[in-house]
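Please keep the sequence and the 3D view at hand while reading.

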Amino acid sequence: SGGSGHSVFTKAFLDVLQENGLTLETERLFLAIRERVSSSAFDLNVRQIPTYEPIHMAGHEAGDFVFVPQ
């Protein structure tokens, strides 16, 4: 339902990555995705609000993801 054969979340995720030209930490990525997903879901008359939380049962020793444009 998000477009281009993707879910609302995946479409927002891919769009933010493609439009970004700087190093992007996961929290900044999340904030950009959350707004797009909420807006797109609202347009489809559904409620979808992403959350930013640790992955359960994964531990915390690995740190955070950083996305670097290529």
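## Glu19 and Arg36

Glu19 is exposed, with a relative accessible area of 54%, where exposed means over 50%, buried under 20% and partly exposed in between, for a 1.4 Å probe and protein chains only. Glu19 forms a salt bridge with Arg36, and their closest N and O atoms are 2.5 Å apart; the term stands for a side-chain nitrogen of Lys or Arg within 4 Å of a carboxyl oxygen of Asp or Glu. Because Glu19 lies in helix H1 and Arg36 in helix H2 (residues 26–43), the pair ties together parts that are 17 residues apart in sequence. Arg36 itself is partly exposed, at 30% relative accessibility.

## How the model is read

This is a predicted model, in which local features need pLDDT of at least 70 and side-chain atom pairs count only at pLDDT 80 or more, while totals for chains, interfaces and linings use all residues. Residues are numbered from 1 along each chain as its sequence is written, and side-chain values use heavy atoms, with hydrogens and water left out.

## The other salt bridges

The structure holds three salt bridges. In one of them, Lys11 pairs with Asp15, with the closest N and O atoms 3.0 Å apart. Both residues lie in helix H1 (residues 8–19), four residues apart, which is about one turn of the helix; helices are DSSP runs (H or I, at least four residues), numbered from the N terminus. Lys11 counts as partly exposed, at 23% relative accessibility.

The side chains of Glu25 and Arg28 also meet in a salt bridge, at 2.9 Å from N to O. Glu25 is partly exposed at 33% relative accessibility, and Arg28 is partly exposed at 39%.

Notes: Helices (H or I, at least four residues) and strands (E, at least two) are DSSP runs, numbered from the N terminus.
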